[in-house]
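Visitor: I would like to go through this model by its contacts. Could you take my questions in turn?

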Amino acid sequence: MAPAATLDVQVQPSNGEPSRTLPKPQKEMTKAERRELQERQRAAKATKQAAVPNGVNGKTANNKKPTEVTQPSNVPAQRKERRASRAADTARPTPAPVNKPLQKVPLVAAADASVEKARGLRIFAHFGLPKPASIAKGEIHPTIVRLALQFSNFKITGANARCIATLTAFKTVIQDYSTPPHTTLSRHLMTHLSPQISHLVAARPMAITMGNAIRQLKLEISGSDIDLPEQDAKNALCSKIDHYIRDRIIMADQVIQETAGSKIKDGDVILTYARSSVVEKVLLDAHTEGRDFSVIIVDSRPMLEGKRLLSILSAAGIQCTYLLLPALGSVINEVSTVLVGAHSIHSNGSVFSRAGTALVAMMAKRHSVPVVVCCETYKFSEGVQLDSFTKNELAPIGDMFSSFPLTKPRDALTLQNRPNLEILNPLYDLTPPSCITAVVTEVGVIPPNSISSIPLALGRLL
Amino acid sequence: MVPPVCYLLFPVVDGSSAGTMFELVQALNDDAEVLKRRTPNPIGLNAGCELFIAFVTLFPHESESFAGLKTELVHQGRKYAAEALTFRDKIAELTLGFIKDDSVILTHSYSRVVMKALLHAHKTKRISSIYARSPASDQLMHMRHRLKTYETLTAAGIPCTVVLDSAVAYVMDRVDFVLVGSEAVVESGGLINAVGSNQMAIIAKAASKPFYALAESYKFHRLFPLSQYDLPTHNSTILSLPTLPQRPAVPRFSGSEPATSTSAAHEAAASASRTSTPEMKMDAEQISRNPSVDYTRRVLSFWNTQFPY
């Protein structure tokens with residue numbers, strides 16, 4: 001797959017030159033011949049790469065650039081030669097006259113070194129790319145530094161886990177904070193927290209859940225009593241944080257467990273995608289209640305989170321089937337309910353979740369299988385999102401999540417250093433509300449397009 | 001369902017020895033549970049009980065003593081129940097706006113609110129109605145419901161034709177709109193009604209005919225069925241496949257000496273088939289494998305489902 005993509009890009013520059021003579025002879029070739037040519041080019045490339053061990057990065061490209069830049073006049077000559085050789089090929093297809101590798105790296109791209117550095121298609125440049133933890137600006141609390149590292153290395157993932165980790169870290173920060181003279185806690189603490197928050201955001205774009213929780217925290221801070229002794233005010237804030245975690249996440253999950261669990265009947269086949277902490281709890285809970293059902297776990301690259309869910313569920317004694325996303329079509333007819341989690345849910349009812357969820361939901365919708373999303377109300381975002389392109393996040397390039405004990409070194413496994421190859425791994429996608437049957441929240445089961453009425457019904461702003 | 005439920009549950013409130021709200025709600029819940037177990041189709045009852053318990057719990061505590069609160073509860077409850085009986089008249093009045101002269105209306109099963117609406121419309125407009133009746137549901141329903149819709153409408157002077165529910169698609173093009181009652185309106189915006197309503201709605205949608213359901217506000221039910229099989233009425237006997245009786249062994253053609261016992265059995269079977277053939281009725285077991293209600297999904301609508309509680 002990857003080499004073919006590379007090849008296309010390689011061939012293009014010569015094709016794209018003003019004289020459009022080249023495509024014609026290529027068309028004249030039979031399919032087998034073209035295939036053979038490709039194979040040869042691939043082989044040539046492989047030998048070249050082997051000659052330069054580990055030198056697949058910008059270095060080779062740099063080495064090559066000067067020679068190519070000085071050789072533009074060479075190109076037509078080469079082409080003629082190639083055309084001749086192809087003509088000969090039609091006569092006797094066996095020999096391999098093209099010994100030298102094709103002209104690599106389009107000239108324009110080669111000149112622009114920054115493109116290579118950017119990595120990632122330019123139209124996706126606005127997606128948050130994971131960055132290595134940046135040097136801290138201002139006073140960053142060690143807990144936050146550690147948390148930022150855990151975020152950027154994907155050691156802590158999942159909307160709930162990240163929100164809980166952030167709030168717990170903030171508790172430490174608040175406890176270690178002391179109000180400078182001539183200010184009050186309610187006014188100054190937020191200015192102390194904002195660099196911590198921006199440090200976390202620099203590590204990985206903020207989740208909606210974190211945003212909602214932090215907004216609530218800000219509200220609590222600004223509302224804290226000025227006359228309260230500092231320690232008491234800090235304790236009060238910490239208990240507020242604890243309550244938030246308990247009410248909006250832990251207890252909400254328990255209610256969702258019961259509600260969604262009641263939708264699982266004996267003999268059901270539940271399909272889930274990747275891993276959601278809520279869905280995991282729902283399934284385990286339904287199993288402990290003695291319901292007899294089996295689970296199909298659909299998973300996908302690059303994170304393969306479903307493996308963890310698989311190990312947990314099968315350890316609990318639930319009948320499980322594990323498959324990758326392309327195989328979904330073959331099992332969807334067997335499924336009675338699709339149960340998925342969510343990263344966040346927008347006010348138009350669209351669900352922002354792990355990339356691939358939309359595919360699963362659409363497939364289920366097409367086959368009239370009910371799609372149930374388990375989502376706490378604190379994941380609601382008042383914005384509207386229409387596609388997964390305007391806002392998304394990229395997974396780190398490379399096999400960060402692979403746990404294969406392969407003999408090759410990890411660098412060799414990754415495709416990241418091939419020139420002209422861009423790897424795009426968006427982390428999330430958007431499931432339109434029309435593909436969702438119901439959203440299970442702690443306030444009840446609701447249709448996706450009634451999401452916007454929930455904060456109102458709760459009588460508060462999220 | 002609310003007025004009867006209210007009247008059934010008032011004595012509970014009245015006569016309960018409960019000293020606290022918690023005890024009272026618990027007593028109500030227990031009695032509601034007993035009621036539900038006694039009825040074959042608990043959906044409407046559920047909605048009624050739920051509403052009543054919500055009414056009790058959300059009732060403003062203004063009286064000094066608990067006994068006072070209880071009398072106040074019963075008083076207000078009775079007022080609501082009396083008011084609930086007028087809901088059908090209100091609906092009938094509101095339905096008038098949807099009915100034009102010379103309308104042909106397709107209805108299904110027997111629904112008191114639909115009856116009321118049609119009879120009310122008949123006073124001012126020329127209407128004719130088609131009543132879809134299913135032979136199977138005839139047997140499912142209580143005897144008095146058989147063709148009750150037809151009889152009532154004809155007696156009132158509304159021209160009425162009875163078609164089989166398998167002929168719904170056939171008549172749909174001649175129909176102006178479909179009007180049905182409801183067992184419950186659920187949180188998804190869907191409708192639970194006598195079995196056959198779903199296919200009627202699908203056919204109406206395919207023929208671009210309006211499909212109206214009349215529902216009193218106490219029919220709103222906090223329930224979100226994901227499919228037909230997620231309804232509280234669904235159980236494992238519905239649609240279950242019967243275990244076939246062992247096929248009787250074919251009597252050997254020995255010719256010479258027909259065993260008297262075999263021939264007697266044969267005779268009995270033949271007579272049984274003779275008697276059963278003209279009837280061709282579903283037996284009780286076959287009927288029990290049929291659902292009584294079905295769930296009509298909300299296909300297209302843009303409003304938010306907001307529940308009054």
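Visitor: How many residues of chain A are in contact with chain B?

Guide: The model is a predicted one. In it, chain B brings eleven residues to the contact between the two chains.

Visitor: Which element gives the most to the side of chain A that touches chain B?

Guide: By class, that side of chain A has six nonpolar, seven polar and one charged residues. Three residues of it come from one strand, residues 444-446. The element that gives the most is β11 of chain A.

Visitor: Within chain A, how many residues does domain 3 give to the contact with domain 2?

Guide: The domain assignment places domain 2 at 142-253 and domain 3 at 262-392 + 427-458. Their C-alpha centres lie 29 Å apart. Domain 2 of chain A puts twelve residues into the contact, and the number from domain 3 of chain A is eleven.

Visitor: Which helix gives the most to the side of domain 2 of chain A that touches domain 3 of chain A?

Guide: The residues on that side of domain 2 divide into six nonpolar, four polar and two charged. At least two residues each are supplied by α9 (159-175), α11 (208-222) and α12 (230-261) of chain A. The most, four residues, come from α12(A).

Visitor: Are α11(A) and α12(A) roughly parallel or antiparallel to each other?

Guide: Their axes come within 11 Å and cross at roughly 150 degrees. An angle over 145 degrees counts as roughly antiparallel. The crossing is right-handed. The two helices α11(A) and α12(A) are therefore roughly antiparallel.

Visitor: Which residues of α12(A) meet α11(A)?

Guide: The residues of this contact divide into six nonpolar, one polar and two charged. From α11(A) come A:Ala213, A:Gln216, A:Leu217, A:Glu220 and A:Ile221. Their partners in α12(A) are A:Leu237, A:Lys240, A:Ile241 and A:Tyr244.

Visitor: Why does B:Lys70 count as partly exposed?

Guide: B:Lys70 lies in helix α4 of chain B, residues 66-84. A residue is buried with 20 or more other C-beta atoms within 10 Å and exposed with 12 or fewer. B:Lys70 is partly exposed because its count of other C-beta atoms within 10 Å is 19.

Visitor: What is B:Lys70 in contact with, leaving aside its neighbours within four places in sequence?

Guide: B:Glu50 is 20 residues from B:Lys70 in sequence, and their C-alpha atoms are 18 Å apart. With the neighbours within four places set aside, the contacts of B:Lys70 are B:Val13 and B:Asp14.

Note on methods: Residues are numbered from 1 along each chain as its sequence is written. Chains are lettered from A and ligands numbered from 1 in the order in which they are written. This is a predicted model: local features need pLDDT of at least 70, side-chain atom pairs count only at pLDDT 80 or more; totals for chains, interfaces and linings use all residues. Domain bounds come from an automatic or database domain assignment. Two residues are in contact if their C-beta atoms, placed from the backbone, lie within 7 Å. Ala, Val, Leu, Ile, Met, Phe, Trp, Tyr, Cys and Pro count as nonpolar, Asp, Glu, Lys and Arg as charged, and the others, Gly among them, as polar. Axes are lines fitted to C-alpha atoms, for helices over the stretch in contact, and angles run from 0 to 180 degrees between N-to-C directions. Angles under 35 degrees count as roughly parallel, over 145 as roughly antiparallel, 65 to 115 as roughly perpendicular and the rest as oblique. A crossing is left-handed if the near helix is turned anticlockwise from the far one by less than a right angle, and right-handed if clockwise.
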